Every structure is written in structure tokens, then in C-alpha cells.
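Trainee: I would like to go through the charged side chains here, one question at a time. Please show me the structure before we start.

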Amino acid sequence: MGINSPLNRKLRMGLVGGGQGSFIGRVHSIAACLDNRAVVTAGALSSNPERSKASAPDYDIDPARAYGSYSEMFEAELKLPEDERIDFVSVTTPNHTHFDIAKAAVEAGFNVVCDKPMTFDLAQAETLLETVKNSDVVFAVTHNYTGYPMIRQAREMILGGELGEINAIRSQYIQGWLRTSLEAEDQKQAAWRTDPSKSGAAGAFGDIATHAYNLGRYMTGLLPDSVSCSLKSFVEGRRLDDYGTAVIRYENGGLGTVTASQISHGRENDFEIEIDGTKGSLRWRQENPNEMIVRRNGSPHQIYTRDPGGSHTNAAGAAACRLPAGHPEAFFEAFANIYVAVFDAIAKRSEGGPVEKRDTVYPNVFDGVEGMYFIQQCVESNSQNSAWLPLKHEAARR
């Protein structure tokens, strides 16, 4: 079978963002190309046209297809023959720019992979949802932690009833890199993440708590009912939260907590989730991603390892693996698993048939809307002294 059958070729990627000094743009490019199914073909790599063109050699982009802006890229690419133009656009810029870029790409007919959070606010997210629904494009949001093999393994176990009814979800994402005011030193990543005009209404909660909330939803399928949230900025002069906790009530009566910190000394990228069911519990930690602990009262604790050939590994877990047991797979591979599923959908679209938009293994525009609703309601709850507010959005999916 050829690559991306029935296309039988690599997909052509148009990268927006990822210029010199970028972190997540480089991650996207590596992940998209990891399985030899895509190639970075064109780019609008910076809002500064000169920096954009200067960054093109880093991705081996032909100078003729290194554009000064995303609008220039879309216009020029659409003028090319269909068998030469880009197939999809990856949006890897700061939050406040996502909406305009993604909406323009969809309207131009390009498939889209957008970094999270999907937009600047909920109104933009809901508008983008309608734009995607009225198109035939494939649209993904890179909540990349959903791509880890052990997460795919756990999701199938939970939805299959192995843990029984889910009672509690404890999800925390703890970092320490913003313990001091790096934004005052004009550190690029800190500067935009702590600026409400670029990051949006939330700081740490928009940046990393969205991952923690999304992962609990993805793994369990529990639909949220309401939320109470308390946010805090501990660094003097910081305009957005750097610490917070949300308590979530789910429709089945379960409870959840989401805690996010970017001011905890010595913590690097410590994302952990624990899920309690009536038949068992499990725990997964991102900094040790190839293991998952499963516990049942009266039985020895079980350590599930990432092993595509193991008898304990289900189909979803095995499908997310590339290497034999004992060969660690992590961050890039998880991102790549999102891209692989997107590429399958793009190839299917090429045949002219309808493409599933809502019930996908990868996070999509519906998840993007729900993430923005989570941010909005948490910020509003905090402003009302942690009042309980509705959390279920009509776009929420199991």
C-alpha cells in the first residue's frame, strides 16, 4: 500500500509559526514528518516577514514558498496546480492569532491542525465550529497527550467498563518555570503567555489546565455538569493566573479536580492523572509515560508497560506504538499519533466521501470549543468567588 493511500504520496504541510525561537512549531514539524507521511513544503514562519523568510532554511523550505504572512501563503498556494499546493495547514502561533489563521485556512479549503487552546475566546471557537461544519475539511486540535499509547490503552479499558463506573478524576499539571517574572526579562515564551491580549482570559489555566481537563474527558467520556474554580497570580505584577484549582461535577455524579501550577519549584512538566472507578483505579504520569499503574483492592498493584506485543495491551494501545517494549516512546510520538489519524482522514477526504468531524480518535473542533468553554467558565467562576457555573457545552462529545 502506498503512502497515504489512495493518494500514494506524502502530504504537503504548510506551517504557520515555528520561526526562530519557537518551541511548538518545531515539535509540529517533527511529529508530522515522523512516519514519512508528510513533508514541510511551505511556511509563514513568523509575523515578521524577514524573520519568516530567514527561518525557512531551518525546515528546508524552498525560498519561493517561504511567505511573509499566512494570507500570502494561502493566496499563492491556491494559484498552484492541485498536485503541487499544500494539503494541510498547521497553526503553531500564539493563541490570539489562531482564529483568523484557522478560519482563513478552512475557507480556502485546506485541512487544519491547530495548536491549543483553539482560539482566543469562546465566541471565536463557536464561529470556527460553524465554519468547519459547513466545510468538508479535516480539522484537528493538538491536545497531544491523547496520543500517548498508555492513554489510548486506558481509554479503551475505561470505556469498556474495566474500571466500572467512574467516580473521580484527579488531574494536575505542575510546572515551575514561571516562578520568577520571566516576562519582565522579555523571554519570548513567557511574554505572550502572561499577556492577556495574546494569551486570552487565563494564564496557566489556558496554557496547561486545558490539557488536564481534556485528558480526563477523553479517557472517561464523562460529561461535565458544573464547575467551581479558584485562580491566583502569585508573582507580583503578573496579570494572568499562574496557579489554580477547579472542582468539576459530572453528570453521572462523579467528581473531578483540575490543578495547574507554573510556579512550583523544581517541577518541570509534571502532568499526572488518576481515575477512580467502582472496580479499579489507574494512574498515569507524563514524565514516566510508558507505564500506568492499575490498582484493585485485595489484589497486587499492576504496572502496565507500553508493550505492543503484550497480552495486557489492547488494540488501541498497540496501534499507538512504533517500537517494541522497553524502547521509550514519548512526546514527539504522541504528537505524531494525532497527525497519523489526521492523515488517515485527509486521505479519506481525497476519495470524495464524507469525513467524520465529531467522533474521531484525535481531538477536533468540538473539543476545541469545549476547551474554550472550560477556560471561560473557570475564569468567570473565579470572578464570582468560586461560584458553581454550568460546564456542559452543546458541542461536548463523549
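Trainee: Which residue forms a salt bridge with R239?

Mentor: This is a predicted model, and a salt bridge in it requires a side-chain nitrogen of Lys or Arg within 4 Å of a carboxyl oxygen of Asp or Glu. The closest N and O atoms of the pair are 3.6 Å apart. The partner of R239 is D195.

Trainee: How many residues apart in sequence are the parts that this pair ties together?

Mentor: R239 sits in the loop between strand 7 (224-232) and strand 8 (243-250). D195 sits in the loop between helix 7 (188-193) and helix 8 (196-199). The pair therefore ties together parts whose separation in sequence is 44 residues.

Trainee: Is D195 buried or exposed?

Mentor: Buried means under 20% relative accessible area, and exposed means over 50%. R239 has 58% relative accessibility, so R239 counts as exposed. D195 has 13%, so D195 counts as buried.

Trainee: What is the N to O distance in the salt bridge of R238 and D242?

Mentor: R238 has a relative accessible area of 8%, so R238 is buried. D242 has a relative accessible area of 0%, so D242 is buried too. Their side chains meet in a salt bridge, and the N to O distance is 3.0 Å.

Trainee: Which side chain of opposite charge is nearest to D241?

Mentor: D241 is found in the loop between strand 7 and strand 8. D241 is buried yet has no salt bridge. At 9.2 Å, the nearest side chain of opposite charge is that of R238.

Trainee: Which backbone nitrogen does the side chain of D241 reach?

Mentor: Leaving aside residues up to four places away in sequence, D241 touches several residues, including A202, G203, A204 and F205. The side chain of D241 reaches one backbone nitrogen at 2.7 Å. That nitrogen belongs to G203.

Trainee: How many residues apart are K116 and D207?

Mentor: The side chains of K116 and D207 meet in a salt bridge at 3.5 Å, N to O. The pair links distant parts of the chain, with K116 in the loop between strand 4 (111-114) and helix 5 (122-133) and D207 in helix 9 (residues 204-220). Both K116 and D207 are buried.

Trainee: How many salt bridges does a search of the whole structure find?

Mentor: The pairs discussed include R239 with D195 and R238 with D242. A search of the whole structure gives a total of 24 salt bridges.

How values were computed:
Residues numbered from 1 in each chain as written. Predicted model: local features only at pLDDT ≥ 70, side-chain atom pairs only at ≥ 80, totals over all residues. Heavy atoms only, no water. Helix = DSSP H or I, 4+ residues; strand = E, 2+ residues; numbered from the N terminus. Buried < 20%, exposed > 50% of the residue type's maximum accessible area, 1.4 Å probe, protein only. Lys, Arg positive; Asp, Glu negative; His and termini not counted. Polar contact = N/O pair within 3.5 Å; in protein donor to acceptor, adjacent residues only side chain to side chain. Contact = heavy atoms within 4.5 Å.
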